[in-house]
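Hi there,

Here is the structure I promised to pass on to you. Have a look at it first, and then read on for what turned up.

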Amino acid sequence: MRELEKNLQNNSIYQAKTFLPFIKKISFLGETKKNGYFLNVNANSNIIISGWKIHLSPLLTDYFNVLRAVNKICWNRKINYKFIDTLEGYRLFTGKNIPPSQFGKIITIYPNNKKEFNDLLNIFYNLFHSIKGIMVPSDHIFKNSSIINYRYGGINPIIKITEANDIESFIFNGNGELVKDERKPYFILPEGIKLPLEYDNKEISKKLIFKGKGNNKIIEIKRIIRRIATGNIYLGIVDGKEVIIKEAKYGALNSKQSLQGAACLLKKNEKKVLKKIHINNLPKYIDEFEINNDYFIVESKIDGINLRKFSSELSLMKPGNSIDHIQDIKRIKRVFNNLKKLGDAIHRSGYIIGDVSPDNFVVNSNDEVFLIDCETVHPVTEKKSFLNLETEMFIKNIKSDVSGYEKDNYKLGMSMFWILTQKNKEIQNNFEMIKYYLNLLSKKYSLLSNVNAMIINLIESKIKTKVTEKKSLTEIKNIVKKQLINKSQIQNEFLTTQYVKSDLSFINGISGIIFYLNYKKILNVTDKQKWSQFILKRYSKDLTGSGLFFGKMGIALTLSRLGVSFEQNKPLLDLLYKLNSLQQIHLSIPADLANGTAGLLIGFNLLVKTSDYPSFSYIRKRLIHSLIKYHETDENGIEYGKLGILNCVYFLNKRDNLFKKIYKQEFFDDLKYEVEKLIRRNIQNKTFLGIPEYQDKNIIYPNLMTGGAGAILYCLFCNDLGISQSTLLKQYDVPFMVNNGISYGIAGFILPLLLGLKYNKFHDIKIVKKILKRWEKYIQENFIENDGYWGWSSDQGLNIHDDIGSGNVGILMMLDIMSEVMNDEGKRSTN
């Protein structure tokens with residue numbers, strides 16, 4: 001698991017409220033249990049690791065009759081099943097935002113054996129073969145009945161947690177071997193498992209050549225360009241030329257207004273538009289065909305990259321000013337002007353674009369812009385409900401009384417703002433914040449002033465405005481602390497960032513929050529007892545890794561601070577048992593700070609200082625020797641990689657007597673050489689740019705855990721490499737940061753400056769304080785209110801969270817240090 005690669009979701013994802021109306025009309029026989037978007041109905045208590053599963057995928061129009069029949073059949077045969085019981089769930093599992101491997105799985109039946117599986121397939125076929133359903137991409141279709149799909153996989157799989165805190169499911173294949181329970185967006189079988197029905201083997205076809213029904217073209221599908229749950233996009237060949245083939249799955253995008261799904265209707269609308277509208281910067285319609293009720297449209301291929309990719313390649317967040325910045329700004333001007341011209345041309349033809357987002361436009365090497373997704377384009381007078389599909393991020397906060405043309409322009413302006421900043425979700429399209437961020441860009445890049453004026457002109461008259469009084473840092477700290485104190489009195493109220501399965505992790509979970517509250521002496525004796533009991537009850541050995549940041553060590557450290565004895569510290573005992581077991585079978589663990597040896601050694605160093613805890617000398621010696629022997633890594637960051645290991649070595653050599661006895665400087669010279677070479681390589685024009693997260697990639701991040709801020713920490717505390725501090729400080733010459741938190745945001749970005757001031761590491765304190773003053777204002781500006789709760793948006797622009805890594809507590813910790821060093825409070829140690 002690598003946090004930056006995770007797609008986070010809000011904690012409220014399973015709070016679906018709109019139960020399907022017909023649920024009340026069915027008496028469910030057996031034990032029922034709510035499970036996310038599903039309701040499990042259990043007629044037996046059998047524990048089956050893996051087996052054949054049947055998925056029924058009815059449209060909303062047929063769902064009641066199908067579910068009622070399944071309920072009766074499963075109870076009579078004592079078979080367990082689950083089904084989606086809310087409208088939100090049904091829309092999710094038939095919509096674009098579900099992983100393709102989970103699409104269409106509305107009802108899942110778990111036969112107890114192969115014979116039962118065969119019997120049920122035939123029973124369901126006799127009942128439902130005349131009903132059209134939604135094909136499930138991961139499954140095999142039974143007798144060409146699209147409503148009946150099946151696959152082999154885990155039912156109650158064996159769950160394992162990796163050292164990287166990934167949850168992995170395992171089953172036994174047909175050879176008796178323990179293998180991963182693979183979930184692919186296409187049908188696969190574990191080795192040694194065969195299709196149970198001989199005649200079904202004939203249904204698998206690899207034929208990829210089709211005849212169009214519009215223009216009789218011969219169409220060959222070559223490969224998938226993009227997997228989407230509601231229909232993939234393919235590269236194809238027609239008349240020797242490359243084409244784009246877009247798929248619409250029957251039943252996808254189902255709603256009350258489009259009971260058979262809007263996906264096919266939208267693609268057929270696209271065909272109509274492309275045949276009727278005559279604008280150069282749109283694809284050309286070539287042909288169409290159908291497979292098992294799924295609809296396919298064939299269009300001309302337009303070379304280029306979409307505007308999302310265009311945004312990611314801009315250098316605006318690169319420190320300093322260079323020729324790259326000037327070239328990018330010139331491109332931005334051309335692209336945005338061409339984007340606006342294309343929108344105007346479509347409007348002059350009497351059409352509305354509808355769904356406007358950076359994903360729907362492509363820019364070529366000449367900076368010409370093309371609209372490649374025309375499924376919602378429609379005449380201004382057309383009012384069909386399925387055409388109202390929109391990307392919420394670019395329509396949010398618009399006034400209700402604007403025309404279709406004005407809506408398009410608003411979304412174009414919001415798309416341009418996103419291309420420059422990627423901040424729409426984070427700031428909820430707040431107009432004051434939009435102006436603030438555009439002003440930050442203009443201050444650094446004066447050449448962007450006209451572009452920013454264009455964006456303001458597109459959105460200003462159409463956006464809802466709300467002016468919020470800005471608060472001082474003292475007010476901000478008091479508000480956040482008060483909220484945390486209130487939440488500490490009500491268990492299960494803290495909002496955490498779900499990078500890992502457990503919500504108890506030190507960096508992104510409850511343990512870190514409680515550790516901070518205890519450190520600040522906010523918890524009394526009763527609070528400590530209450531929270532230690534809560535954590536111990538909630539803790540799961542099988543769902544928690546070993547490490548300091550996300551695993552058992554971080555939780556154990558918090559429990560020790562709450563007064564839990566060594567003998568009762570269950571996460572610590574489980575960790576010691578595992579470490580001793582690994583030593584007996586001579587297995588090593590990763591060396592990293594987050595989940596590996598480096599973090600464990602720091603954790604044990606802190607634990608031995610706890611009253612009545614043992615010295616752990618045996619296991620610490622083993623871990624020290626393991627770190628010395630197995631510290632090679634391809635990653636460079638603090639969280640995972642060389643910087644984290646080297647900072648750990650620096651810490652232990654200062655604070656750990658056992659480590660000092662074993663340590664020799666040359667043990668880690670290889671890591672030092674690689675890190676120092678990376679730092680020097682990424683200095684351009686006397687400006688430090690940061691370092692790449694991975695050894696073989698050149699994507700440079702500025703944040704603490706995976707990039708430049710971590711490298712500055714190394715230069716300040718471990719080895720300055722003879723690099724001038726002014727060169728290092730130029731990394732802070734960027735307009736803004738992507739996130740707000742300690743791990744990947746502004747709080748961690750400026751942490752080296754704060755610690756450098758605290759421990760007298762800077763030559764010119766005035767310059768450092770000037771930089772900090774600017775970022776202090778930035779933190780104030782980004783302090784927002786959401787549904788009565790105050791704080792900073794968490795990673796990926798999600799709602800306000802409370803944890804250390806991406807939430808309020810981490811930023812509050814940073815503000816505590818800022819108050820100390822900016823006001824010269826207390827004495828600074830040179831340790």
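Let me begin with Asn269, which is buried, because its relative accessibility is 4% and anything under 20% falls in that class. Please keep in mind throughout that this is a predicted model. Asn269 belongs to helix H4, which covers residues 263-276. Apart from neighbours within four places in sequence, the residues in contact with Asn269 are Cys374, Glu375, Thr376, Val377, Phe386 and Leu387.

For orientation, the protein is divided into five parts:
- domain 1, residues 1-180
- domain 2, residues 208-300
- domain 3, residues 306-456
- domain 4, made of 470-499 and 685-826
- domain 5, residues 505-668

Between the centres of domain 2 and domain 5, taken over C-alpha atoms, there are 54 Å.

Next, some helix packing. Helix H9 (residues 431-444) packs with helix H24 (residues 765-781) at an angle of about 160°, and their axes are 12 Å apart. Angles over 145 degrees count as roughly antiparallel, so that is the label for H9 and H24. The crossing of H9 past H24 is left-handed. On the H9 side, the residues that meet H24 are Met433, Tyr436, Tyr437 and Leu440, while H24 brings Lys777, Tyr778 and Glu781. Sorted by class, this contact has 5 nonpolar and 2 charged residues, with no polar ones.

H24 also packs with helix H25 (residues 808-822), here at an angle of about 140° and with the axes 12 Å apart. This pair is therefore oblique. H24 passes H25 in a left-handed crossing. From H24, the contact takes in Lys769, Leu772, Lys773, Glu776 and Ile779; from H25 come Ile811, Met814, Leu815, Met818, Val821 and Met822. The contact of H24 with H25 counts 8 nonpolar and 3 charged residues, and no polar ones.

Finally, two backbone details to look at on your screen. Asp367 is not a glycine, yet its phi is positive, at about 65°. You will find Asp367 in the loop between strands S19 (361-363) and S20 (369-371), and it is buried, with a relative accessible area of 3%. Asn685 has a positive phi too, near 50°, again in a residue other than glycine. The loop that holds Asn685 runs between strands S22 (683-684) and S23 (687-688). Is Asn685 buried or exposed? At 65% relative accessibility, Asn685 counts as exposed.

Terms used. Residues are numbered from 1 along each chain as its sequence is written. This is a predicted model: local features need pLDDT of at least 70, side-chain atom pairs count only at pLDDT 80 or more; totals for chains, interfaces and linings use all residues. Side-chain values use heavy atoms; hydrogens and water are left out. Axes are lines fitted to C-alpha atoms, for helices over the stretch in contact, and angles run from 0 to 180 degrees between N-to-C directions. Helices (H or I, at least four residues) and strands (E, at least two) are DSSP runs, numbered from the N terminus. Angles under 35 degrees count as roughly parallel, over 145 as roughly antiparallel, 65 to 115 as roughly perpendicular and the rest as oblique. A crossing is left-handed if the near helix is turned anticlockwise from the far one by less than a right angle, and right-handed if clockwise. Contact means heavy atoms within 4.5 Å. Ala, Val, Leu, Ile, Met, Phe, Trp, Tyr, Cys and Pro count as nonpolar, Asp, Glu, Lys and Arg as charged, and the others, Gly among them, as polar. Domain bounds come from an automatic or database domain assignment. Buried means under 20% relative accessible area, exposed over 50%, partly exposed in between (1.4 Å probe, protein chains only).
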